[in-house]
Amino acid sequence: MRVPIILHALRHDLWATETLIAFCRTLTPDQLELTAPGTYGSVAGTLSHILRGDERYLVRLGVMPGPMPSNDDVIPFDQLGAHLEAVRAAVEGIFRAEQFDPDKVVVDAARRRPTDPPLEIESWTMLVQFVHHGSDHRAHIGTILGSHGVAGPNLDVWAYGNATGAIRAKR
Amino acid sequence: MTPIMQRQLRHDVWATEQLVAKCRTLNEDQLDLKIHGTYGSVRATLAHIVGTDESYLVRVLGSRLHDAPFRPVEDEVALEEIAAHLAHVNEGVERLFAGGEVDGDRFITDTPLRRPEQKRFEMYAWVPLTQFVHHGNDHRAQIATTLSAHGIEPPDLQVWPLAMAMGASREGSS
């Protein structure tokens, strides 16, 4: 069965976050709190924010159980891996059960201001935003590390493709 | 039904267009701003995004978007030249999906842009398409960080503002 390209993109996204978490396990507690102007926050705080975003998109799609996680509920660094595995299981489930309908409208009543009306959102936006959000904030962490003289891991799809055998170099 | 990957690539092109529009409000010195830990100046990074987008599309399409590849001196290229090539990227994306869904498992054995002395890479079509999106998001984030670090508000490049503009996200009734 053909794998949807968006599923490859989501799998790459999770691999990249996992690779970054693994790298960050080699950093000191002080390094995990590094930040840089113009980025989201600290290294550890940004990793938590990436996964909280992932969880919120998946709860909206109905493939992760609620309640809607709060971004203010920071995931402890040593629990990031467990959250990532739960996100991965939910992502794989999106395409396993039935045909994913990108135009299906989901309703998000958990607005920042409770008096705001619920949002009606087409499902495809959650998956595209999932990938955008991850790359965006991992780039922040890359900038923080680079600006402090720490060389981070290569997170692009070439590295993922090489790791998974999807790319072959020929003479 | 519009393929999700096409929607994803359209968001990517839209986001780069938003950045180009923002950059049109900056002066030449601001276009040359840079910070540590990023690819380079705002101008160079934008040129890098667009030039690389073209190369990914050429690989998947199997044909050039135009005669000479866009390989500018990234620190010197004019913003309008970048914008002109972004239009080629937009056309390439639409051409790619003109026949509907793209088979991501199709095996690509070479690219028309490879020089004879360069190594040849074989890969599935999903690889350059997924890299297209990752690469754009990654470098646009660097530009946004550079602008913010210098006190310039970057545009919101998330999917939400595009979805609101398209009607793919809207406020329902209370």
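**A walk through the two-chain model**

Tyr56(B) lies in helix 3 (residues 42–61) of chain B, where helices (H or I, at least four residues) and strands (E, at least two) are DSSP runs numbered from the N terminus. The model is predicted: local features need pLDDT of at least 70, side-chain atom pairs count only at pLDDT 80 or more, and totals for chains, interfaces and linings use all residues. Residues are numbered from 1 along each chain as its sequence is written, while chains are lettered from A and ligands numbered from 1 in the order in which they are written.

Tyr56(B) is buried, with 23 other C-beta atoms within 10 Å. A residue counts as buried if 20 or more other C-beta atoms lie within 10 Å of its own, as exposed if 12 or fewer do, and as partly exposed in between, with C-beta atoms placed from the backbone. Leaving aside residues up to four places away in sequence, Tyr56(B) touches Pro128(B), Gln131(B) and Phe132(B); contact here requires that the C-beta atoms, placed from the backbone, lie within 7 Å. Between Tyr56(B) and Gly136(B) there are 80 residues in sequence, yet the C-alpha to C-alpha distance is 11 Å.

Chain B as a whole has six helices and three strands, and from the N terminus on its elements run α-α-α-α-β-β-α-α-β. The radius of gyration of chain B is 17 Å, close to the 16 Å that the globule rule gives for 174 residues, so chain B is as compact as a globular protein of that length. That radius is taken over C-alpha atoms, and the globule rule is 2.2 Å times the number of residues to the power 0.38. Along the principal axes, the C-alpha atoms of chain B fill a box of roughly 50 × 45 × 25 Å. Buried residues make up 41% of the 174 residues in chain B. Of the contacts in chain B with a separation of 6 or more, 71% come from residues 24 or more positions apart.

In chain A, helix 3 (residues 43–61) has 19 residues, which at 1.5 Å a residue should span 27 Å; its end C-alpha atoms are 28 Å apart, which agrees. The expected span is 1.5 Å times one less than the number of residues. Because 16 of these 19 residues are buried, helix 3 of chain A is largely enclosed by the rest of the structure. Gly62(A), with a positive phi near 85°, follows this helix.

The two chains meet in a contact that takes 47 residues from chain A and 47 residues from chain B. On the side of chain A that touches chain B, helix 5 of chain A gives the most, with 17 residues. By class, that side has 25 nonpolar, 14 polar and eight charged residues. Here Ala, Val, Leu, Ile, Met, Phe, Trp, Tyr, Cys and Pro count as nonpolar, Asp, Glu, Lys and Arg as charged, and the others, Gly among them, as polar.

Strands also join the chains. Strand 3 of chain A pairs with strand 2 (residues 120–124) of chain B in the antiparallel sense over four bridges; pairing requires that DSSP finds at least two bridges between two strands. In strand 2 of chain B, Phe121(B) is the bridge partner of Ala169(A), and Met123(B) stands opposite Ile167(A). An open sheet of three strands has the order 3(A)-2(B)-1(B), with antiparallel pairing.
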